[in-house]
Amino acid sequence: MKFNAKKIAITFFKWTGIFIAFILLMLFLIPLLFPGKIESEVKKLANERLSGELNFKNTKLSFFTHFPSLTVSLDDISLTGSAPFANDTLLKADQVAFGINLKHLIFDKEVKVDELYLSEGLINVKVNQKGQANYNVYINPNKDKDEPKKPDEPEEGTAIQLDRIDLRNCHMIYNDHSAKILIDAYGFNYLGKGGLSKDVFDLETNADIDSLDFYYDRFPYLKRKEVHADLVTRVNTNALSFILEKNELRVNELPVEFTGFFTIFKDGYNIGIDAASKKTTLKDIFSILPPSYLSWMEDTRIKGRADLLFTFKGRYNASKGQKPTMGINLKVRDGFVQNNKAPAALEDFQMYLDAKLPALDMNRLAVNLKTLDFKVGDKGFFKASLNTNGFDIMKVKADIKGALDLADVDAALGLPNIDLKGMLKTDIVANGVYDAKKKLFPKTKGDIILRNGWLKTSFYPNPIKDITFVASVTNATGTYDDLKVSVTPASFVFEGNPVYVNATVSDFNDMYYKARIKGELNVGRIYKVFAQKGLDVTGYAKADLRLNGRQSYATTGQYSKLDNTGTILLKNIKTTSELFPKAFFINEGHFRFENEKMWFDKFKAHYGKSDFALNGHLLNTINYFLESNGTLHGEFNLKSALIDVDEFMALKEGENKDRKTAVAYAKEENPKMSGVVVLPTNLDVFLIANANKVSYNGLVLDNLIGKAGISKGQLFLENTTFNIIGCTVGIDARYDDESPLTANFDAHFRAKDFSVQRAYKEIPMFHDMVTAAEKAQGIISIDYKIKGDLNGNMGPIYESLEGGGTVSLRDVKVSGLKMFGSISSKTGQDGLDNPHMKDIVVKTTIDNNLVRIDDFTFKVAGFRPSIKGTTSFDGLLDLRIRLGLPPGGIIGIPIVVVGTHSDPKIKVFSKTGQRINGSVYNEKTNTVIKEEKKETPLEKKKREQKEKKN
């Protein structure tokens with residue numbers, strides 16, 4: 001038999017071509033055979049497994065989107081988070097594709113998703129201050145909610161079954177307000193492969209991040225760092241538990257190996273991470289410094305050995321107050337840093353730092369800086385050791401010694417944007433306990449001396465020069481009684497103007513102070529020297545003060561023993577407060593010290609559109625600045641052309657970006673709220689106010705005159721009057737903020753002879769509380785006391801309101817009110833539909849979202865209607881009317897009005913109304929629960945008769 005190679009080759013290529021053509025044909029046909037089923041199954045899967053809202057533009061089934069996998073792609077997809085983030089985006093992407101298991105599709109006719117592809121996406125994970133997260137959107141179909149948990153069953157989080165996870169060029173944010181952690185990763189590329197369809201499997205992962213930011217407590221520890229990771233992770237899908245077996249990271253140039261575990265629960269997580277960079281170099285550690293230092297490293301020689309260990313272990317559950325423990329250990333040996341142009345180096349750098357933060361609780365912080373030593377030049381040296389335990393109550397042991405020529409240090413480090421000169425010497429030894437409440441201070445002896453100091457930055461052309469600072473602190477007994485701090489002297493010259501301070505403070509139990517301060521300063525220019533981000537300070541300050549006395553002299557009224565004299569002059573000063581969103585501008589301030597008082601001889605300022613002119617005095621100013629819990633007292637006269645209250649609301653967008661963490665987090669979690677006005681708690685200041693206009697929530701109050709005060713974090717108004725809607729209103733009120741989003745108030749309003757129609761149109765609370773005023777014309781008066789809570793937009797929470805008072809109808813016509821029209825129609829009595837009321841007093845009370853109306857009588861068309869009953873802020877009616885017939889109203893027709901204001905139901909010759917449920921209001925949570933409707937005996941009888949009939 002002849003061997004025909006040519007024929008065999010042709011046959012082989014023929015069948016190979018047919019096979020390839022068949023495969024290509026199937027690649028096109030399979031998506032056409034199952035499109036409806038796959039799309040419906042994907043939607044069904046989303047509806048059954050996801051609690052968040054899923055939206056996408058269109059779907060596409062293809063082998064070629066992620067060849068060779070068969071994938072169903074969802075374009076322009078978005079997914080919202082779980083409560084309380086149901087309106088916020090958890091996931092948004094140009095495309096998400098789900099890989100379909102081809103074997104199950106063809107042979108079992110079952111759509112099984114085992115791959116996930118996500119590109120150009122945003123993954124936005126949020127956890128609020130209460131520990132509630134937005135990622136709990138997956139519903140485990142295999143878990144019976146009513147089935148009791150077995151003792152050995154893992155605590156469940158999210159269940160997944162995938163064989164491949166592929167994320168390309170994503171932006172991932174993890175923002176945890178309860179743990180004060182923010183991770184922001186740009187250019188996040190992730191590929192995870194393994195036996196992901198099993199309950200427990202090993203996941204091989206490659207991840208790259210172009211830019212990683214890490215913040216703790218709003219402070220950036222990593223900024224714009226490049227990360228590469230090769231990971232092997234054992235995954236338990238039932239509890240979403242990750243065991244980190246072999247993992248290597250590279251953050252910029254720093255190699256990191258870590259092991260441990262991470263388990264996600266519905267109420268938090270459990271973590272145990274050990275991350276180490278052993279036998280690395282000091283230069284590699286410096287590579288993770290902020291980006292501004294990286295260019296500095298290019299011109300600097302850095303040598304030395306280093307070991308770094310980071311641990312993060314423990315259970316996190318915000319509702320139970322559980323938080324992990326963080327630890328860091330850093331060792332540096334034989335460190336060497338020298339700028340290329342420097343004659344001397346910072347060398348023999350040795351450091352050993354061990355720090356732990358149990359349960360992320362600052363009051364349990366333990367820091368052991370065993371060694372911090374280095375040398376600079378021929379004689380310069382620095383040696384320090386520091387051991388602390390606690391924060392508010394802190395055990396301290398410290399020994400710090402050094403003698404440095406700052407010019408040598410500056411040259412060796414090649415500090416960017418700054419030039420230093422001067423001889424700095426320090427020798428401080430401390431051992432003991434710091435406890436402000438028990439007035440304990442470590443036994444201390446030490447000095448800090450700087451002579452011939454000189455500071456210049458690239459942000460301003462002229463230096464601060466002739467800096468002298470000689471300070472000493474001594475304490476031999478470990479108590480406040482024996483603590484003495486002396487600054488003799490401190491001085492510098494800036495722009496040709498000398499500033500001089502000489503001060504001694506001792507006996508911190510009853511602080512004795514003696515100080516001399518003199519000098520003038522262009523505040524704007526000196527801030528330009530330091531160019532602090534977020535600070536925009538301008539203006540001029542001049543001081544000439546002599547202060548001498550004790551704290552107790554002012555607090556016990558021994559004013560004759562004080563010797564406080566001098567003046568402070570401020571012009572065009574801009575300053576910020578963490579409590580307010582905008583900056584205060586002090587146009588002009590003349591202050592004079594006279595023993596116990598600080599006089600405001602002339603003070604003009606503005607805040608946003610608001611302006612203030614003050615004169616008066618403050619008491620206890622020295623104690624206020626020396627004591628952390630000191631209270632400032634004062635009395636003033638205030639004049640203003642405009643006070644815009646809305647600009648003071650805590651969450652308003654403004655210029656002050658360095659706000660308190662609670663305020664900043666509240667703003668992020670409630671972007672549509674303005675917040676309430678937050679008041680300082682250490683002020684006891686009263687003033688006689690005279691403001692031409694006060695603007696609040698769309699209301700404009702004219703000619704406000706009265707006494708206002710802030711005391712213990714509350715605002716008071718006494719005998720205050722203002723003009724609104726053409727009448728004079730008198731008010732006594734109290735306001736107290738509880739958080740950046742909640743506040744409470746109580747007030748007594750008195751207003752005489754105003755237009756009911758103007759009040760309805762121009763005052764929101766009157767509009768909501770007196771809905772019948774829509775159809776009324778005329779003049780009324782009110783005398784009302786009311787209290788309640790305010791929401792995050794400074795509006796009243798109606799369910800919380802309590803109070804009562806009178807509404808006097810001097811001359812009011814009601815035209816077109818459906819209730820009176822229906823009564824006129826039902827009774828056949830003309831003239832009842834447009835009553836004209838004169839000299840009527842209506843007494844009402846408010847509670848649980850209900851307005852209760854006491855019995856009142858008026859005349860109309862010869863009839864004498866009497867009205868009493870209940871209405872609600874929801875518009876429900878339960879009114880009882882007796883229509884007194886002429887003459888004299890001795891005989892009356894009983895009428896009941898139920899339904900709503902817009903659709904009243906009239907029942908003549910009836911005494912049976914409807915039950916209007918009140919509201920149970922929880923002040924702590926600002927939540928409202930409607931009272932359950934209780935069945936009346938008549939309703940019960942009717943129900944039983946109906947059931948028997950059926």
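Two strands pair if DSSP finds at least two bridges between them, and the strands and helices named on this tour are DSSP runs (E, at least two residues, for strands; H or I, at least four, for helices), numbered from the N terminus. The model is predicted, so local features need pLDDT of at least 70 and side-chain atom pairs count only at pLDDT 80 or more, while totals for chains, interfaces and linings use all residues. Residues are numbered from 1 along each chain as its sequence is written, and side-chain values use heavy atoms, with hydrogens and water left out.

Begin by colouring the protein by pLDDT, the predictor's confidence in each residue, from 0 to 100; the mean is 80, and 79% of the residues reach 70 or more. Confidence is highest in strand β17 (residues 380–389), at a mean of 96.

Select β17 next, together with strand β16 (residues 366–376), which pairs with β17 in the antiparallel sense over nine bridges. Alanine 366 stands opposite asparagine 389 in β17, and in the turn of this hairpin, where three residues lie between the strands, glycine 377 has a positive phi of about 70°.

Finish with helix α3 (residues 102–107), where confidence is lowest, at a mean of 53, and with residues 144–160, over which pLDDT stays under 50. Where pLDDT is low, the predicted coordinates should not be read in detail.

Definitions and conventions: Contact means heavy atoms within 4.5 Å.
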